[in-house]
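Then let's walk through it together, one region at a time.

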Amino acid sequence: GRLTFALRNITTGKWGYENVDSSGDNVGRSSDLVESRDTDKYTVAYEDNTTGSVMWAERKADNDWQVKVAATTKGGADFISMAYQAPGYEPAISYYDAYSADLKLTYFAAQAQAFTVKTIATTGEQGLYSHLVFGQTTLNILSYSKSADKLTLFSDDAFTDTLTANDLATNGGKYISADWNGFTLDLAYFD
């Protein structure tokens with residue numbers, strides 16, 4: 001399969017389709033489409049199952065996508081979530097590394113002009129249903145641990161590059177969605 005972008009024309013009401021990436025046999029799983037706050041352009045994070053890579057693409061113009069490898073894995077990635085906001089974390093992508101069963105974060109470091117990968121959690125199966133959201137001064141990654149059957153919030157206050165873990169729920173915590181409303185982090189999940 002390939003990754004396709006669909007955009008509805010506001011004047012005609014018709015849908016237009018663009019090929020984002022068709023470089024492999026199975027490209028585009030676990031995609032997350034987000035508009036960049038810096039460029040106002042559409043971006044998408046996704047998995048290239050052919051290579052096991054986490055990919056990032058930015059729409060430069062109609063039918064023109066710039067594609068970059070954001071992270072490589074040995075066994076693929078899933079539960080990809082992307083967000084923008086913090087300086088130095090543009091964009092940030094959380095994902096489940098299927099080979100190591102770890103929660104990982106990759107972010108574009110502006111000074112280095114490259115993606116940097118960090119392992120966030122490794123004990124048991126971490127990173128399922130990950131959801132990434134920025135607060136005013138906080139990077140927040142919500143993640144479900146299958147082996148512990150719990151929902152955990154990993155936070156980096158003031159972008160110090162140090163994450164703290166807080167268990168939010170036990171006996172559940174899948175299918176996570178979250179929003180920063182300007183004051184607090186609100187979330188919904190299945191238990």
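## Starting at Ser-30

Ser-30 sits in strand β3. A strand here is a DSSP run of E with at least two residues, a helix is a run of H or I with at least four, and both are numbered from the N terminus. Before going further, a word on the source: this is a predicted model, where local features need pLDDT of at least 70 and side-chain atom pairs count only at pLDDT 80 or more, while totals for chains, interfaces and linings use all residues. Residues are numbered from 1 along each chain as its sequence is written, and side-chain values use heavy atoms, leaving out hydrogens and water.

Back to Ser-30: its phi is near 55 degrees, a positive value in a residue other than glycine. With a relative accessible area of 22%, Ser-30 counts as partly exposed, because buried means under 20%, exposed means over 50%, and partly exposed is in between (1.4 Å probe, protein chains only).

Is Val-34 buried or exposed? Its relative accessible area is 19%, so Val-34 is buried.

Which residues does Val-34 touch, not counting those up to four places away in sequence? They are Lys-41, Tyr-42, Thr-43, Met-82 and Tyr-84, where contact means heavy atoms within 4.5 Å. Met-82 is 48 residues away from Val-34 in sequence, yet their C-alpha atoms are 7.1 Å apart in space.

## Two loop residues

Now for a pair of loops. Asn-63 is in the loop between β5 and β6. Its phi is near 60 degrees, again a positive value in a residue other than glycine. Asn-63 has a relative accessible area of 55%, so it is exposed.

Lys-74 belongs to the loop between β6 and β7. Its relative accessible area is 69%, which means Lys-74 is exposed.

## Asp-97, tucked away

Asp-97 lies in strand β8, which covers residues 92-97. Its relative accessibility is 3%, so Asp-97 counts as buried. Leaving aside neighbours within four places in sequence, Asp-97 is in contact with Thr-73, Gly-76, Asp-102 and Lys-104.

How far apart are the C-alpha atoms of Asp-97 and Trp-65? They are separated by 25 Å, and the two residues are 32 apart along the chain.

## Pockets

Rolling a probe the size of a water molecule over the atoms shows where empty space is left. A pocket is an open set of points on a 1 Å grid over the protein atoms alone where a 1.4 Å probe fits, with protein on both sides within 12 Å along at least five of seven lines; lining residues have an atom within 4 Å of a point. Points are joined across faces, edges and corners, and a volume is the space filled by probe spheres set on them.

The largest pocket has a volume of about 240 Å³. It is lined by 14 residues, and the closest to its centre are Trp-56, Glu-58, Glu-90, Pro-91 and Phe-108. Strands β5 (53-61) and β6 (64-72) are the elements that give two or more residues to this lining. By class, the lining of the largest pocket has five nonpolar, five polar and four charged residues. Here Ala, Val, Leu, Ile, Met, Phe, Trp, Tyr, Cys and Pro count as nonpolar, Asp, Glu, Lys and Arg as charged, and the others, Gly among them, as polar.

## The second pocket

The second largest pocket has a volume of about 200 Å³. Of its 16 lining residues, Arg-37, Ala-83, Tyr-84, Val-133 and Phe-134 are the closest to its centre. The elements that give two or more residues are β3 (27-35), β7 (77-83), β11 (128-134) and β15 (174-180). Which element gives the most? That is β11, with four residues. The lining of the second largest pocket has nine nonpolar, three polar and four charged residues.

## The whole protein

Now zoom out. The protein has zero helices and 16 strands. Buried residues make up 46% of its 191 residues.
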